[in-house]
Amino acid sequence: MIYADANATTPLLPEVLEAMLPWLGGGHANPSGSYAAAKRARAAIDRAREQVAALIGAEPEEIVFTGCGTESVNTALRSLDALCGPGAAVVSAIEHSAVLRCVESLPRETRLVPVAGGGRLAMDAFEAALDGAAFVSIMAANNETGVIQPLREVVEIAAARGIPVHTDAIQAGGKIPLDVKALGVDLLSLSAHKFHGPTGVGALHVRRGLKFEPLLRGGGQEGGRRSGTENTAGIVGMGAAAAIAAAGIPAGLAGARDAFEQAVLTSIAGVTVNGDPAHRLPNTSHLSFDQCDASGLLILLDAAGVACSAGSACMTGKQRPSHVQLAMGIPAERAKSSLRFSFSRPNTVEEAVRAAGLLARAVEKLRRVQGSGVGPVVVYPRTDIRNF
Ligand code: PLP
């Protein structure tokens, strides 16, 4: 299989697994214990905290380990909701559902800031939305298109009005450099499995001095900011993955994506690259194919051994364009013909070019079938298509 769905989840790197293994087999000590084995587990967690902090230019004390990226986001937004005065929650229209569903559930107004055609935040609209705002949450990079948001400007504008900012950096973490101090964000969410760490562990950066309200209360772990016995193996894995990412983003990552896109654009007619090309994650390619249903392409690509994602979400059995594409003004028909290819460290340029060749064949086949009046090869509803 050629795995080109890294924005959904990345493969665990062998070095990360190796770092985790001692804590999965035999390292069974509760880090809160007073005996030697517990102290070793505590030291391993402290080391991982330093590694994750180093990835984003934070202080170790500013890192709170959580159970996943969604938990980090919900913790951040609920803490802001609890501690900020009245006013609206200002978020972009292209946030991940972890942000959108959470702010919708809060007892305050949610303002959705539009994006321009390239998928970047409309800054005039953002500024206007800040009148009477309590807090802001703008993602660092979008999971579907890979478009990187103007976070520094967002924080500058919000901070000038004393409005705190959370960023969902779950797709950006480990793919582009992030520095919480240079950015000036108050809260930042990360998820280990998006940068070759394990699933089931995330981190939340909480700026030193920021008032904070925990989501999970109980035994007082993580300095009282996230109760629950620590997932030592997962946290150690996240630390190891962060250290690898902090050592440098491999040139091969953009190489695979760029080689893939070039091969696609030279071998397939009627392809549109979605998202501002000057501000994209180096690993993501979001493409629309004229006269091709994305579900049909997914089936053909799966059969050919290529794993990728549809750029649209299947909800209640109906193929619907994703909110991200709609917000970008992509017409519904084109949105339903979009696929996301996202690469990660193990992908090679050769593999990416091979994926482009298999894609060209799938597109040709689908267009032939759909154009012949036989009807699409798609079987509705595809319930396994979701938005990651
Ligand atoms: N935010 C973004 C931008 C994501 O891409 C994802 C994962 O798909 C999440 C949040 C949720 O992260 P997790 O799966 O770790 O809960």
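In this predicted model, an oxygen atom of the ligand sits 3.4 Å from an N or O atom in the side chain of His96. This counts as a polar contact, a pair of N or O atoms within 3.5 Å. Before going on, a word on conventions: residues are numbered from 1 along each chain as its sequence is written, and side-chain values use heavy atoms, leaving out hydrogens and water. Since the model is predicted, local features need pLDDT of at least 70 and side-chain atom pairs count only at pLDDT 80 or more, while totals for chains, interfaces and linings use all residues.

**The ligand site**

Here are the ligand contacts side by side.

| Side chain | Distance to a ligand oxygen atom |
|---|---|
| His96 | 3.4 Å |
| Gln171 | 2.8 Å |
| Lys194 | 2.7 Å |

The protein covers 90% of the 390 Å² of accessible area that the ligand has on its own (Shrake-Rupley method, 1.4 Å probe). There are 13 residues around the ligand, and Thr70, Asp168, Gln171, Ser191 and Lys194 come nearest; a residue belongs here if one of its heavy atoms lies within 4 Å. By type, the shell holds 4 nonpolar, 7 polar and 2 charged residues. In this scheme Asp, Glu, Lys and Arg are charged, and Gly is among the polar ones.

**Aromatic rings**

How many aromatic pairs does a search of the whole structure find? The search finds 2, where rings pair if their centres lie within 6.5 Å, and planes under 30 degrees apart are stacked, over 60 edge-to-face and the rest tilted. The ring centres of Phe260 and Phe341 are 4.6 Å apart with planes at 45°, so this pair is tilted. Phe260 belongs to helix 9 (residues 251-267) and Phe341 to strand 15 (residues 338-342), so the pair ties together parts 81 residues apart in sequence. Helices (H or I, at least four residues) and strands (E, at least two) are DSSP runs. Phe260 is buried at 0% relative accessibility, and Phe341 is buried with a relative accessible area of 0%; buried means under 20%, exposed over 50%, and partly exposed in between. Together with Phe343, Phe260 and Phe341 form one aromatic cluster.

**Helix 10**

Just after helix 10, Gly305 takes a positive phi of about 90°.

Key. A polar contact is a pair of N or O atoms within 3.5 Å; within protein, one must be able to donate a hydrogen and the other to accept it, and residues adjacent in sequence count only if both atoms are side-chain atoms. Rings of Phe, Tyr and Trp (its six-membered ring) pair if their centres lie within 6.5 Å; planes under 30 degrees apart count as stacked, over 60 as edge-to-face and the rest as tilted. Buried means under 20% relative accessible area, exposed over 50%, partly exposed in between (1.4 Å probe, protein chains only).
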